[in-house]
Amino acid sequence: MFDYDVIIIGGGPAGLTAGIYLVRGRCRVLLLEKDLFGGQLKNIEWIENYPGFAEGVSGPQLASEMISQARRFGVQMEQGEVVGIESFSSTRLVNCADGKGYTCAAVVLAGGSRPKKLGVPGEDKLQNKGVIHCALCDGGQFIDKVVAVCGGGDAGVTEALYLTRLASKVVLIEAMPGLTASAILKERAFAEPKLEVRCNEKVLKIIGDVKVEAIETAQTITGKQEILEVDGILVHVGIIPNTDYLDGVIPLDEAGQVVVSNRLETEIPSIAAAGDIREASPWQVAAAVGDGAIAAITIQRFLQTL
């Protein structure tokens, strides 16, 4: 006998959706999450492109609703950091950092991602001392101060716009020739008087002893360098999938994402992947929810063959 029919690794939108589908299919489900249930949703101030909310919805509110729905249907949730998966014939053993292990027939990988670092001097030293990755979580410390934001995609521009409500000035730095965010976000960025957009520019160094005091930047075309005095810097230059523990277990692509079929199966039929963690993910909440549903249906079909 297995401890559970299915173990879901990750408590973000993909994992929670998979859990809802699986328990409604009368599967015994354990969802493991190493941080906060709700995943990156907890860090998003406002979402306007998730269907069903005409005026938009805050990330924490949407996360709370998903968590409540999963619990109401009977998804068992526990905090635990998964460090390995072992396969024994028809059994999967999911091992956690605290020494606990759980057996199951199938696994849904939905561990999401973490922010990518700039990889410049001063970044690690000043982490959480002015270097942040979440405006909603940590932006309050920059009221009436000057903040830089690295990254001109949807996430970076959204964070920069949020920070304009708090800071006296926000400098948005993007290494590409233009912002890569959606058109509506770009329009808002260029219309915001407290937001200065600087493209074709990159950060070379973060300066400060006990806190961020300035950043050194360089123009990508001319190479001209400059020191900008700032009180903090928010980094949103991409994400890294949380797949370190899967190396050697299942195939990963060059970006470290899980290689899957169109049904989100891995090369091991009893393991599926959903959300940011799988290859070619568009990194959108709506896509993660869809992935969770597909992965759950795929796993249910697998269980029916046992």
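Before the ring entries I wrote down the rule I use: a charge sits over a ring if NZ of Lys or CZ of Arg is within 6 Å of the ring centre and within 35 degrees of the ring normal. I also noted that this is a predicted model.

**Entry: charges over rings.** I looked up Arg72 and found its charged end over the ring of Phe73, 4.5 Å from the centre. I then turned to Arg71, which lies over the face of Phe37 at 5.7 Å from the ring centre.

**Entry: aromatic pairs.** I counted two aromatic pairs in the structure. For Tyr50 and Phe53, I read a distance of 6.2 Å between ring centres and an angle of 40° between the planes, so I logged this pair as tilted. The cut-offs behind that word are that planes under 30 degrees apart count as stacked and over 60 as edge-to-face.

**Entry: strand S2.** How many of the residues of strand S2 are buried? I found five of the five in residues 29-33, so the strand is largely enclosed by the rest of the structure. I sorted the side chains by direction: Val29, Leu31 and Glu33 point one way, Leu30 and Leu32 the other, and all are buried.

**Entry: neighbours of S2.** I went to strand S1 (residues 4-9), which pairs with S2 in the parallel sense over four bridges. Here I noted Leu32 of S2 as the bridge partner of Ile9. With helix H1 (residues 13-24) between them in my list, S1 and S2 make a right-handed β-α-β unit. I then followed S2 to strand S3 (residues 76-79), and these two run parallel, joined by four bridges. Glu33 has Gln79 of S3 opposite. I traced the chain from S2 through helix H2 (residues 59-73) to S3 and marked this β-α-β crossover as right-handed.

**Entry: Glu265.** Last, I looked up a residue in a loop: Glu265 is found between strand S16 (239-241) and strand S17 (271-273). Is Glu265 buried or exposed? I have it as buried, with a relative accessible area of 18%, because the cut-off for buried is under 20%. Its side chain makes a polar contact of 3.2 Å with the side chain of Arg263. Leaving out residues up to four places away in sequence, I listed Val259, Val260, Ile271, Ala272 and Thr298 as the residues Glu265 touches.

Technical notes:
Residues numbered from 1 in each chain as written. Predicted model: local features only at pLDDT ≥ 70, side-chain atom pairs only at ≥ 80, totals over all residues. Heavy atoms only, no water. Buried < 20%, exposed > 50% of the residue type's maximum accessible area, 1.4 Å probe, protein only. Polar contact = N/O pair within 3.5 Å; in protein donor to acceptor, adjacent residues only side chain to side chain. Contact = heavy atoms within 4.5 Å. Phe/Tyr/Trp six-rings, centres within 6.5 Å; stacked < 30°, edge-to-face > 60°. Pairing = 2+ DSSP bridges. Right-handed = clockwise from strand over helix to strand, strands pointing away.
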